Amino acid sequence: MSPYVFTLLIFNLGLGTTMTFASSHWLLAWMGLEINTLAIIPLMTRQHHPRAVEATTKYFLTQATAAALILFASTSNAWLTGEWAINQMSHPLATSTIMLALALKLGLAPVHFWMPEVIQGLDLTTGLVLSTWQKLAPFALLLQVSSTVNPLILTLIGLLSTLIGGWGGLNQTQLRKILAYSSIAHLGWMVLIIQFSPPLATLSLLIYIIMTTSAFLTFKLTSSTTMNALATSWTKSPMMTSLATLILLSLAGLPPLTGFMPKWLILQELVKQDLPMLAFFAAMTALLSLYFYLRLCYTVALTSSPNTITMLTPWRLNPTQTSPLNPLTTMLTLALLPLTPAILALVIY
Amino acid sequence: MALPRATSFTPAVRLLGSCYKQTPFVPHLSAGWRDISGGEYRRPGQPRYNTPIWKRFDFHKGVQGMQKHFTLLKEEFLSRWIGPEGKPLVEHMLEQTRVIWEFRGPESLDQWTVSSDCEIGGRSEAYLKLGRNNTTCLLYGTLCSVPPRDGETRYSGYCTMRSKPPKGSFDSKKHHDWTSFNTLHLRIRGDGRPWMINVGAETYFSHQKDDMYSYFLYTRGGPYWQDVKIPFSKFFLSSRGRIQDDQHPLWLDKINTVGFTLGDKADGPFQLEIDFVAVCNDRAHTEQFAYEAYKRNPEV
């Protein structure tokens, strides 16, 4: 791809998200989402592989449907109440439709079916952009409308997402599909808490983005896209493999790693809001996710996969990336939990 | 089961009907009950059903079908608790070879579809039967490259044997997941002819429906068995028979079919005996893709 075209697409990716962030009118927000979608489509088909084209087509269809639903809901609201402002959405038809549309944009259950297939068809870098950057704009809109959406819908979507994210990832052997189901589950946790504490949902999103970035970049460095490939990567780079294990446990939400922070704070907030049963079910569904993360750690670190090479580090990987993003995000993924009080003070209170 | 009487065999239909027979002629009732308005594809040579649907209704077959599909559904649900693809995780990790198709009984032939150019009006014939001792399958027949006289076909003379795509409960689409492997291993005994192996991966509706990954299979023709190991990195992409300029490696996570094709423009009889079709993980083979992946005509 020509570097000029690539730069233009990356710029438009940023432009679309920024436009949605900065907008208070639904039309401008919708335009930002569309610019985002259109900018990432050529990035997804850079390789022209048939599977990448398939993933791109599926992504385009789902995102276009969601954008059309957003437009429909916002114009319905404008027709019925005369309001175009995002946080002034009051009609229940409009708010329910917009919630469904944003769920489709984000890949929340019950409209999550496109997510694993699309991420599986892409390479790890584009999958990373899809899992992280593309969540920002719809999440910003979700933050603004969450106060007006029926709480039952939010709770149901959140709980269903955590359940399906855990259940769907159970027997996966492809790492990209595992990360897709992990995305569904994490977004479910965010949607659960967004109605009670939007800053906490934002914090969860931020920590999820950090953890997912480190996971994707680590898998890219060890060139592993399947469970078996990750299991045999200990000969290539034992340090990266052991870090990959810890990153996966952080995604699972185990203390003393960073991933525990959002789960802990969300459960605490739910109990404070007098919803212990909801907290219980959310924690139970997190156990399903924990199972497949632990299984990955088991295959990587606790078993020695069959390998013709019996000595350690037979060759060294040429460093393919010189940016500090991987070490930075990995460090944040593993070591941020003790800073929880400071983060709480800065973000929430 | 009595054969349907309401069919009148014209000489042409009888000729077409004798083109290929996988098993002794049995009416395809599973195709019949869905053929309400003749919408489902009827392969040339198969007789047309003129009996109305209400006469062909069979309660016993319906109950058997429901039992079969619900059993498959239950197995799919329960296998989720065991591990990936219904096997324990340890087995998935340790697996280095897997025999996908082996011919040990008449039911193994039902997993394959045989066709030849008689579907477009040509004169080749292809048959599939079990080999000696019911341990192998024999694909045999006659190639004839005389094109059909329909005014538009210029070339003819091919025959093919293709595996049926795997189906789950209620005929849902399933795929072969061969990501743990990197080599196709066949044990065959041919007649010296050059065959082609086609692997059909999962495609997305009309976008890539004619895409196929192919490689050559040169048979020796002797009385001795031939072990053929073809790495998946060697398969090249073709669409509608035309090799694509923009080549891509075969992705092994969603494989639908494997097929053998013969079209070497040599008229006459042929036969191919297959013992098994397996996949294996050759750890000495480190090639990712055998063909150029860079852009060959880059715009400056």
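Predicted model: local features only at pLDDT ≥ 70, side-chain atom pairs only at ≥ 80, totals over all residues.
Me: Is B:Thr219 buried or exposed?

Reply: The general idea is a cut-off: buried means under 20% relative accessible area. B:Thr219 has 8% relative accessibility, so B:Thr219 counts as buried.

Me: Which residues does B:Thr219 touch?

Reply: Leaving aside residues up to four places away in sequence, B:Thr219 touches B:Ile188, B:Gly190, B:Asp191, B:Gly192, B:Arg193, B:Trp195, B:Gln226 and B:Leu272. Two of these names return when you follow the polar atoms. The side chain of B:Thr219 reaches the backbone oxygen of B:Arg193 at 2.6 Å, and the backbone nitrogen of B:Gly192 at 3.1 Å.

Me: Now the chains together. How is the size of an interface given?

Reply: Often as the accessible area that is lost when the parts come together. Here, chain B and chain A bury about 2600 Å² between them, with carbon and sulfur atoms giving 57% of that area. B:Arg80, B:Met93 and B:Trp251 supply 27% of what chain B buries against chain A, more than any other three residues. In residues, 30 from chain B are in contact with 31 from chain A.

Me: How many salt bridges and polar contacts are there between chain B and chain A?

Reply: There are 2 salt bridges, and 12 residue pairs in polar contact. One salt bridge joins the side chains of B:Asp253 and A:Arg51 (2.7 Å, N to O). On the chain B side, α4 (59-79), α5 (89-94) and β8 each supply at least two residues. The largest share, 5 residues, comes from α5(B). By class, that side has 13 nonpolar, 9 polar and 8 charged residues.

Me: How is chain A divided?

Reply: Into domain 1 (1-139) and domain 2 (150-308 + 321-348). Their contact takes 25 residues from domain 1 and 31 residues from domain 2. You can read this interface in the same way as the one between chains. The area buried between the two domains of chain A is about 2500 Å², and carbon and sulfur atoms give 80% of it. A:Gln120, A:Leu124 and A:Phe139 supply 29% of the area that domain 1 buries against domain 2, more than any other three residues.

Me: Which side chains meet in a salt bridge there?

Reply: The count between the two domains of chain A is 1 salt bridge. The side chains of A:Glu117 and A:Lys177 meet in a salt bridge at 3.7 Å, N to O. The side of domain 1 that touches domain 2 divides into 14 nonpolar, 8 polar and 3 charged residues.

Key. Residues numbered from 1 in each chain as written. Chains lettered and ligands numbered in written order. Heavy atoms only, no water. Domains from an automatic or database assignment. Contact = heavy atoms within 4.5 Å. Buried area = accessible area lost by both parts, 1.4 Å probe. Salt bridge = Lys/Arg side-chain N within 4 Å of Asp/Glu carboxyl O. Nonpolar A, V, L, I, M, F, W, Y, C, P; charged D, E, K, R; others polar. Buried < 20%, exposed > 50% of the residue type's maximum accessible area, 1.4 Å probe, protein only. Polar contact = N/O pair within 3.5 Å; in protein donor to acceptor, adjacent residues only side chain to side chain. Helix = DSSP H or I, 4+ residues; strand = E, 2+ residues; numbered from the N terminus.
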